[in-house]
Amino acid sequence: MRPSIPQLALMSRLLDEALPLDEADRRAWLERRSPEYPDLAQHLREALLPQESQAAYSKSPLTLPGLAFAPEFG
Amino acid sequence: MNQLTELLAQLRAGDPEARNALFAAAYSELHRLARSRLRDGGRNTVLDTTCLVHEAYLRFVSAGELRAEDRRAFFAYASQVMRSVIVNSVRERIAQKRGGQWRPLTLSTQLPVNAADDEETILRMHEALEALEQADPRLAEVAQMRYFGGYSEQEIAETLDITERTVRRDWEKARLLLAALLR
């Protein structure tokens, strides 16, 4: 489910805690903290351990698609 | 003289009319540059958004409408304008398709077979950024500069007066939050 604005702000703060950790510590962090935030648990897992997820977090947006405007544009 | 510089000063002072006037001036120039660049380059030219922002800045400075020392403020604002130019163009293209008057290359992509997907991606990214703006404005600003402005980490750091390391950390986090919104 798409996170709400308050959930997004909370997820931002939680990522500050967890992103600096290495993989093993991230896993331990998820085990410890996820139960406190059941609505965000899946999002956090996919963000922190993308290699274990089927979601495309590792392919999250990087660049604008290659836009080109034709002469008629305007 | 120094029209944009004056508008930037008024904007900093909280004048909402200055925001509208500044947006209109920058929008017009970036839109015109995009059109002229791609007309010169032909149908398959890729739009280099960061180049357009640089060129617009230099034109405003050489025309005496912007002081060189306002570069940072202009760049901060220009990515927002560039986003609007792009999103409006995509919406126009979609409206043309729905109205049956679609001209196939009014706005195209590097890979025409994926054009519809790319348009959808751009609009969804725009909407996700609107949500991120409410949750974490600075992350959204970094993401807007990176995604729609095409700015480098160094340019973003200079524009926002933060370190490149902070930009990298913000961008990584912004991508993860945007991915959660785009699922």
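Where in chain B is B:D161 placed? The points below take up this residue after the conventions and the two chains.

1. Basis of the note. This is a predicted model, in which local features need pLDDT of at least 70, side-chain atom pairs count only at pLDDT 80 or more, and totals for chains, interfaces and linings use all residues. Residues are numbered from 1 along each chain as its sequence is written, while chains are lettered from A and ligands numbered from 1 in the order in which they are written.

2. Chain A overall. Chain A contains three helices and one strand, arranged along the sequence as α-α-α-β. Helices (H or I, at least four residues) and strands (E, at least two) are DSSP runs, numbered from the N terminus. Of the 74 residues in chain A, 24% are buried. A residue is termed buried if 20 or more other C-beta atoms lie within 10 Å of its own, exposed if 12 or fewer, and partly exposed in between, with C-beta atoms placed from the backbone. Among the contacts in chain A between residues at least 6 apart in sequence, 35% join residues at least 24 apart. A contact requires that the C-beta atoms of two residues, placed from the backbone, lie within 7 Å.

3. Helix α1 of chain A. This helix covers residues 5-18, and its 14 residues reach 20 Å from the first C-alpha to the last, close to the 20 Å expected at 1.5 Å a residue. The expected span is 1.5 Å times one less than the number of residues. Its buried residues are A:L8, A:M11, A:L14 and A:L15. Viewed down the axis of α1(A), these buried residues fall within an arc of 125°, so they line one face of the helix. The arc is that of the directions from the helix axis to the C-beta atoms. On the face turned away from the buried side, α1(A) carries the exposed residues A:P6, A:R13, A:D16 and A:E17.

4. Chain B overall. Chain B has eight helices and one strand, in the order α-α-α-α-β-α-α-α-α. Buried residues account for 39% of its 183 residues. Of the contacts in chain B with a separation of 6 or more, 62% involve residues 24 or more positions apart.

5. Helices α6 and α7 of chain B. Helix α6 (residues 137-147) packs against α7(B) at an angle of about 135°, with the axes 10 Å apart. That makes α6(B) oblique to α7(B). Axes are lines fitted to C-alpha atoms, for helices over the stretch in contact, and angles run from 0 to 180 degrees between N-to-C directions. Angles under 35 degrees count as roughly parallel, over 145 as roughly antiparallel, 65 to 115 as roughly perpendicular and the rest as oblique. The crossing of α6(B) past α7(B) is right-handed. A crossing is left-handed if the near helix is turned anticlockwise from the far one by less than a right angle, and right-handed if clockwise. From α6(B), the residues B:E141, B:V142, B:M145 and B:R146 meet B:I156, B:T159 and B:L160 of α7(B).

6. Residue B:R146. Located in helix α6 of chain B, B:R146 is buried, with 25 other C-beta atoms within 10 Å. Leaving aside residues up to four places away in sequence, B:R146 touches B:Y151, B:I156 and B:W171. The C-alpha atoms of B:R146 and B:W171 are separated by 8.1 Å, although the two residues lie 25 residues apart along the chain.

7. Further partners of α7(B). The axes of helix α4 (residues 71-98) of chain B and α7(B) come within 8 Å and cross at roughly 115°, in a left-handed crossing. Here B:R72, B:F75 and B:A76 of α4(B) meet B:E155, B:E158 and B:T159 of α7(B). Helices α7(B) and α8(B) pack at an angle of about 110°, with their axes 8 Å apart; they are therefore roughly perpendicular to each other. Their contacts join B:E153, B:Q154, B:I156 and B:A157 in α7(B) with B:E164, B:V167 and B:R168 in α8(B).

8. Residue B:Q154. This residue belongs to helix α7 of chain B and is exposed, with 10 other C-beta atoms within 10 Å. The C-alpha atoms of B:Q154 and B:G99, 55 residues apart along the chain, are separated by 43 Å.

9. Residue B:D161. In reply to the opening question, B:D161 lies in the loop between α7 (153-160) and α8 (164-182) of chain B. Its phi is near 60°, a positive value in a residue other than glycine. B:D161 is exposed, with 8 other C-beta atoms within 10 Å.
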